[in-house]
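I opened the model to look up how one chain is built and how it packs against its partners. My notes follow the display.

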Amino acid sequence: MLTVTTVTLLLVMALALSRAFVGPTVFDRILAANMFGTKTVLLIAVIGFLFGRPEFLDIAMVYALINFIGVIGMLRLIEYLEDENRNAHEDDV
Amino acid sequence: MLSHLPILQVILPLLAAPSCLILGRPALAWGFSFATSAAAMLISMLLLQQVWLEGPISYFLGGWEAPWGIEYRIDLLNAFLLLIVSSLSTVVLAGTRQSVAAEVEANRQTLFYVSWLLCLAGLLGILATGDAFNVFVFLEVSSLSTYTLISLGRDRKALWASYQYLIVGTIGATFILIGIGLMYMMTGTLNMQDLAQRLPVVADTRTVFAAYAFVIVGVCLKLALFPLHLWLPNAYAYAPSAVTAFLAATATKVAVYLLIRFSFTVFGADFSAMDIPLHQLFIALGLIAVFSASLVAILQIDIKRAIAYSSVAQIGYMIIGLGLGTAAGLQATLLHLFNHALMKGALFMSLAAVALRMGSTRLDDLAGLSQRMPLTAMAFVLGGLSLIGVPLTVGFISKWYLVIATLEMGMWPVAALILVGSLLAVMYIWRVVEVMYFRDPPASTQVSEAPVSVLLPLWLLVIANIYFGIDTALPVSVTADAAQALLGWGK
Amino acid sequence: MLVATAIGIAVNRDLLSVVMLSSIYGLLSANFFVTMDAVDVAFTEAAVGAGISPLLMFTTMAIVGRYEKLPHRWSLSALVLVSITGALLLVATMDMPAFGAPDAPAQQHVAPRYIEQSGQEVGIPNIVTSVLATYRGFDTFGEVTVIFTAGVGVLSLLMIGDRATKPLSSHLLKASQHKILRIVSKVLIAPILLFALYVQFHGDYGPGGGFQAGVIFAAAIIVYTMLFGLDSARQVIDQGWVRVMAAVGVLLYGAVGVVSMVNGGNFLDYDVLAKDPIHGQHYGIIVIELGVGITVAAVMVLIYFSFAGRLVDRGHQDD
Amino acid sequence: MDVYELLSAILLAIGSFLLLSGGIGVLRFPDVYSRMHAAGITDTLGACLILLALMLLAGLSLVMVKLLMILAFLLITGPTSSHALGKAAWKSGVKPLMGKALNR
Amino acid sequence: MTDMLLTHYNYWVVMVLMMIGFYIVIAQGNLVKKLVGLNIFQTSVFILYISAGKVSGGSAPILDDAISVYSNPLPHVLILTAIVVGIATTALGLALIIRLREAYGSAEEKDIQEQNQC
């Protein structure tokens with residue numbers, strides 16, 4: 001069953017990846033990246049059990065953490081860029 | 001304590017750098033850096049003496065013996081280069097305080113000295129280590145600090161030069177990393193001597209050939225060998241003057257050292273000799289470098305840039321000596337390493353003095369400099385003469401040995417071309433001399449001679465240029481032995 | 001998948017998507033490292049390739065703009081150069097030992113000693129840590145120096161420390177709207193810091209160590225900075241102090257080496273740090289890992305502060 | 001096969017199914033908000049189930065504690081980032097598809 | 001040949017990745033993208049090393065009584081160092097880009113070179 005889960009996870013990762021490629025908006029990509037991250041966390045956890053060395057959960061934890069930080073970072077940046085755009089437009093007017 | 005010399009050489013500047021950051025004040029930082037650099041010079045002198053008398057020293061870091069731990073191995077070759085690098089750093093540092101104060105913003109000066117120490121530590125680390133991967137680590141220490149030093153130049157072009165160098169340098173370092181990785185895959189070791197023993201077994205595999213190619217191309221990128229030299233003139237021209245003097249005198253030397261080390265020690269003279277086209281390629285590239293770079297140098301308006309191009313040309317000479325693959329050729333290369341460090345140090349330091357007083361190193365701005373700054377102008381001329389290779393200067397000695405070495409191989413045309421190359425050097429030096437001595441200074445500006453603290457180290461270098469041009473015993477005997485040792489090691 | 005992502009990066013012109021893809025690329029390669037048994041590497045690659053470096057790139061992008069201007073043309077000379085390099089590597093693979101072969105030279109000469117004897121000689125289960133910290137401890141010292149050098153470089157390029165604190169820009173005030181994010185992060189920061197400490201000191205037994213811990217620690221502070229603004233983060237953590245800490249980490253590492261020299265061993269020879277070599281090794285490794293952690297955390301925070309400082313400055317110019 | 005293993009196998013299966021449906025949803029749904037819907041919900045529940053399954057496999061140990069921590073972390077951050085994402089998308093002017101646009 | 005394909009599969013992936021990364025570095029005009037390319041390039045080398053360290057049937061090099069075959073820890077150590085070096089380079093490069101953008105008003109290679117000409 002673990003193997004099946006691993007394969008499913010890989011499949012879902014591929015799906016998320018293609019969404020990240022296609023876009024079309026930035027938010028789709030962020031969504032895909034976030035989803036990809038979550039899948040990675042699960043994958044690492046499952047692989048740990050599959051290989052019989054579940055100590056590696058630490059890594060999964062780091063992934064979860066990094067994923068969260070990454071998403072926040074991206075969102076903050078987009079907000080910032082948009083503020084700037086708005087300012088620029090106001091200048092035009 | 002004497003047995004710890006090899007490691008002290010490197011960790012002294014390495015540990016001094018963070019301490020320097022804590023110290024804070026630029027004046028303090030300068031004094032501290034100078035003291036550290038001087039101490040490193042003393043250590044390298046002791047090391048050279050020790051190696052000269054007793055043969056190579058091995059030092060096992062962490063107490064783990066060679067193939068398992070990292071080994072520092074000092075033989076004649078790197079002891080000699082350690083001395084060059086640390087002493088040039090000391091001399092240049094002695095004369096830089098004013099020039100740095102003028103060219104670098106006040107709040108960045110401490111960081112400037114910190115980077116300087118890190119760069120010094122990185123260069124010394126590359127020289128001292130006997131471990132291939134350790135080379136990569138210290139290469140990056142020195143490179144990263146070099147990028148920082150270059151970017152501190154006043155012109156915004158310095159930033160661009162630094163970025164270009166960063167890209168090229170990282171590609172070079174990554175190539176070296178690939179090469180080391182491939183070597184490791186084939187031999188299972190990273191220690192240079194161990195590699196030298198184990199490589200011949202697998203020498204005819206294509207993997208090792210590719211490893212060799214990757215390492216050589218990577219080093220050549222760092223070395224700025226023609227046609228991979230495009231980053232160098234920009235980097236040298238826009239870096240702060242003191243940095244240019246330091247880098248020109250040391251960084252390329254370390255790259256040449258790496259080339260020698262990998263070609264002769266690690267892969268062994270036999271392996272290098274096996275690929276005969278490679279040697280001819282080196283000679284050809286060297287000659288092209290000499291000519292193209294010298295010609296471009298003649299056309300430059302900015303003297304700093306012209307001398308930077310001349311560095312590319314001089315590297316060409318060193319590569320020719322290397323490409324010969326004989327003891328005499330190697331000796332000529334090593335001699336030229338030493339001599340080039342002396343003359344480029346002197347030239348760039350005099351330019352630093354000019355930049356300090358005039359605020360520019362453009363050719364047009366230097367009219368009549370001999371009346372305003374006679375000592376500096378004189379120093380530049382002597383350095384230039386040495387660059388050309390006039391008798392009684394160091395430049396002559398290395399050209400002499402190089403020509404002899406080529407003649408030994410029966411390569412008449414090469415020897416002739418080397419001499420023609422020197423004529424080109426005459427042309428770009430003469431242009432400067434003409435402007436400095438035979439044109440009237442513009443009446444409007446008042447410029448005084450450079451301060452003593454700059455002149456003193458500058459003239460120290462100039463005198464060294466002449467002294468070692470007359471009394472050649474020390475460098476010649478050291479390099480002769482080093483060259484012999486290199487060729488003998490592989491067997 | 002790695003290849004596909006890389007191609008995506010090459011083709012895409014929206015830098016934001018490029019960086020996002022590169023973050024995915026980082027995660028993917030980390031996955032790959034896990035399947036290759038390189039757990040420590042995967043740990044680091046996840047923190048660096050998918051975490052810190054995209055974050056820094058995002059921040060840079062906020063400053064330099066998001067889109068590539070010029071349409072991309074295929075450059076023939078570049079293609080040729082790349083093909084030559086690729087061909088060279090292809091040639092290299094021809095004579096390589098097969099993938100995973102236990103009798104390859106790389107597995108034969110030096111490595112077995114680490115696997116067989118580090119248990120007795122160093123006494124900690126994680127072989128990667130013992131090789132990293134003792135056998136090749138000097139490389140790691142070099143690595144810390146590299147990080148320190150980068151910190152110095154970034155600091156000198158993006159100097160901000162000496163200017164008086166500026167009033168909060170409009171941009172930063174807007175951050176106060178993220179109520180939910182703020183509360184959640186506040187709850188999370190303490191566990192993250194604890195986790196960093198766990199990684200720091202558990203590195204002897206499992207994957208982890210000073211570098212990873214330093215990155216995680218810095219990440220917690222970066223989250224705080226992102227949500228509460230640079231100025232309030234600077235109030236919590238003084239930048240001058242961070243600078244000193246970056247230096248202290250390197251010095252701590254060096255000091256271990258010097259002490260072992262004074263005690264009669266070679267540089268970084270931990271055997272002499274205590275009466276019994278195994279204990280000496282333990283002390284040595286703990287202290288140097290601490291040094292690594294301190295420097296890495298300090299430098300990362302310093303770099304992020306410097307980047308974010310430029311962001312705030314530019315916000316001012318725009319107003 | 002004892003009860004725990006059976007149970008964990010079932011949980012894994014359900015979790016996998018959820019994740020897969022989420023993945024397909026993300027690829028097939030027409031706009032950001034519906035995709036977010038697909039991803040956010042299945043992600044959290046699927047991850048929970050899989051982690052629970054692993055916990056059953058691990059039994060009472062440090063590993064289980066770690067899994068619990070990951071679970072807690074995912075439970076907190078998952079919805080939070082979805083929320084932040086939605087909010088940012090809304091603020092930047094991406095409008096959800098409504099009415100006729102959906103039929104296209 | 002098929003045999004070769006199977007046993008060297010990893011190395012070929014490395015090769016392709018390296019070429020892509022290298023191409024981005026050389027041919028792309030945007031400075032940030034160049035750095036991303038550099039990252040890909042370096043990561044490909046990491047994969048090369050790690051692949052070299054893998055032993056079939058081996059497990060992660062953390063000592064455990066139940067396990068007898070471990071993968072080679074040495075490449076892992078080297079790559080840890082290399083990753084750190086890589087992030088250091090990236091950080092410095094990005095800082096340089098920020099300064100370049102401030103000095104030239106652009107982050108495109110072409111714009112900067114045009115401005116340098118005059």
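I counted two residues as in contact if their C-beta atoms, placed from the backbone, lie within 7 Å. This is a predicted model, in which local features need pLDDT of at least 70 and side-chain atom pairs count only at pLDDT 80 or more, while totals for chains, interfaces and linings use all residues. Residues are numbered from 1 along each chain as its sequence is written, and chains are lettered from A in the order in which they are written.

Entry 1, C:A46. I left aside its neighbours within four places in sequence and found C:A46 in contact with A:I59, A:V62, A:Y63 and A:I66 of chain A, and with C:G26, C:L27, C:A30 and C:G51 of chain C.

Entry 2, the interface. I found 40 residues of chain C in contact with 36 residues of chain A. On the chain C side, α3(C) gives the most, 12 residues; helices here are DSSP runs (H or I, at least four residues) numbered from the N terminus. By class this side has 28 nonpolar, 10 polar and two charged residues; Ala, Val, Leu, Ile, Met, Phe, Trp, Tyr, Cys and Pro count as nonpolar, Asp, Glu, Lys and Arg as charged, and the others, Gly among them, as polar.

I looked up its elements and got 14 helices and zero strands. Of its 319 residues, 61% are buried, meaning that 20 or more other C-beta atoms lie within 10 Å of the residue's own. Among contacts with a separation of 6 or more, 69% join residues 24 or more positions apart.

Definitions and conventions:
Helix = DSSP H or I, 4+ residues; strand = E, 2+ residues; numbered from the N terminus. Buried ≥ 20, exposed ≤ 12 C-beta atoms within 10 Å, placed from the backbone.
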